Amino acid sequence: MDSTVTPPADRLRLLLDVEGLLRARLRPLLSVAPQFSRYTLVSAVALVLDFGVYLLLAAGGTNITLAGAVGYTCGLCLHYLLSVRYVFDPKAANKTQARLFSEFALSGLAGLAVTALVIALTADLGGMPVLPAKVLAVGASFLVVFALRRGVVFARRGRLEKAGL
């Protein structure tokens, strides 16, 4: 039986190599954290407006489907205004305001599709209770929409042209 012991210098070198590898792998992820935090805060503020408008209109006798759509639209508009001010750099995308808002709204529809798909897969097909299914759907939708808005809607123009978009 070979009982060789790794010298301390080799162990230190190995630890430093692992640390360097981890730093290199985590750096891109950590660089997104401040923007992701701002996006999360903006999303929460927009959600409060969405719910507030919905509840006010519903309490005032407005059809609840219409109240929900109006609340969502108000939240979407506020989210866009706060996003271009505090989260993303609209000038870097080099797009007109109309195009940016259209793409922003379309990414919201993509989030709606992800939400419906996750609920269908987890609750309808998988038998998961509705509340956990909705929580999973919200999380998945949030991440997909953030990625679309960061990587497509507000992406630097040169980066998209290289990708052929």
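**Core, aromatic rings and salt bridges in a predicted model**

Is Leu14 buried or exposed? Leu14 has a relative accessibility of 54%, and therefore counts as exposed, since the cut-off for that class is over 50%. Leu14 is also part of a nonpolar patch on the surface, together with Val18, Leu22, Leu26 and Leu30. The accessible area of these residues together is about 470 Å². As a general background, nonpolar side chains in soluble globular proteins tend to be buried together.

The largest nonpolar core contains 16 residues. Tyr39, Tyr80, Phe88, Leu100, Phe104 and Phe154 are those with the most contacts inside this core. Which elements give two or more residues to the core? They are helix H1 (8–59), helix H2 (64–87), helix H4 (97–125) and helix H5 (130–153). Helix H2 gives the most, with 5 residues.

Apart from its neighbours within four places in sequence, Tyr39 is in contact with His79, Val87, Phe88, Phe142, Val145, Phe146 and Arg149.

The next topic is the aromatic rings. How many aromatic pairs does the structure hold? The number is 10. One of the pairs is formed by Tyr39 and Phe146; this pair is tilted, with 5.0 Å from centre to centre and 55° between the planes. Tyr39 and Phe146 are both buried.

A further pair is made by Tyr80 and Phe101. The geometry here is edge-to-face, with 5.1 Å from centre to centre and 90° between the planes. This pair, too, links distant parts of the chain: Tyr80 belongs to helix H2 and Phe101 to helix H4, 21 residues apart. Tyr80 counts as buried because its relative accessibility is 6%, whereas Phe101 is partly exposed, with a relative accessible area of 27%. Tyr39, Tyr80, Phe101 and Phe146 also belong to one aromatic cluster, which includes Phe36, Phe88, Phe104, Phe142 and Phe154.

I close with the charged side chains. The count of salt bridges is 3. In one of them, the side chains of Asp10 and Arg13 meet at 2.9 Å, N to O. Asp10 and Arg13 are 3 residues apart in helix H1, so about one helical turn separates them. Asp10 is partly exposed, at 35% relative accessible area, and Arg13 is likewise partly exposed, at 48% relative accessibility.

Glu103 takes part in a salt bridge with Lys95, at 2.5 Å, N to O. Lys95 and Glu103 are both buried. Why does Glu103 count as buried? The reason is its relative accessibility of 16%, since the buried class lies under 20%. Glu103 also forms a salt bridge with Arg99, in which the closest N and O atoms are 2.7 Å apart. Because Arg99 and Glu103 are 4 residues apart in helix H4, they are separated by about one helical turn. Arg99 counts as partly exposed, at 37% relative accessibility. Through shared partners, these salt bridges join Lys95, Arg99 and Glu103 into one network.

Thank you for your attention.

Notes. Residues are numbered from 1 along each chain as its sequence is written. This is a predicted model: local features need pLDDT of at least 70, side-chain atom pairs count only at pLDDT 80 or more; totals for chains, interfaces and linings use all residues. Side-chain values use heavy atoms; hydrogens and water are left out. A nonpolar core is a set of buried Ala, Val, Leu, Ile, Met, Phe, Trp, Tyr and Cys residues joined through side-chain atoms within 4.5 Å. Buried means under 20% relative accessible area, exposed over 50%, partly exposed in between (1.4 Å probe, protein chains only). Contact means heavy atoms within 4.5 Å. Patches are made of residues with over 30% relative accessible area and no salt bridge: like charges are joined within 9 Å, nonpolar side chains (Val, Leu, Ile, Met, Phe, Trp, Tyr) within 5 Å. Accessible areas come from the Shrake-Rupley method with a 1.4 Å probe; for residues, only the protein chains shown count as cover. A salt bridge is a side-chain nitrogen of Lys or Arg within 4 Å of a carboxyl oxygen of Asp or Glu. Rings of Phe, Tyr and Trp (its six-membered ring) pair if their centres lie within 6.5 Å; planes under 30 degrees apart count as stacked, over 60 as edge-to-face and the rest as tilted.
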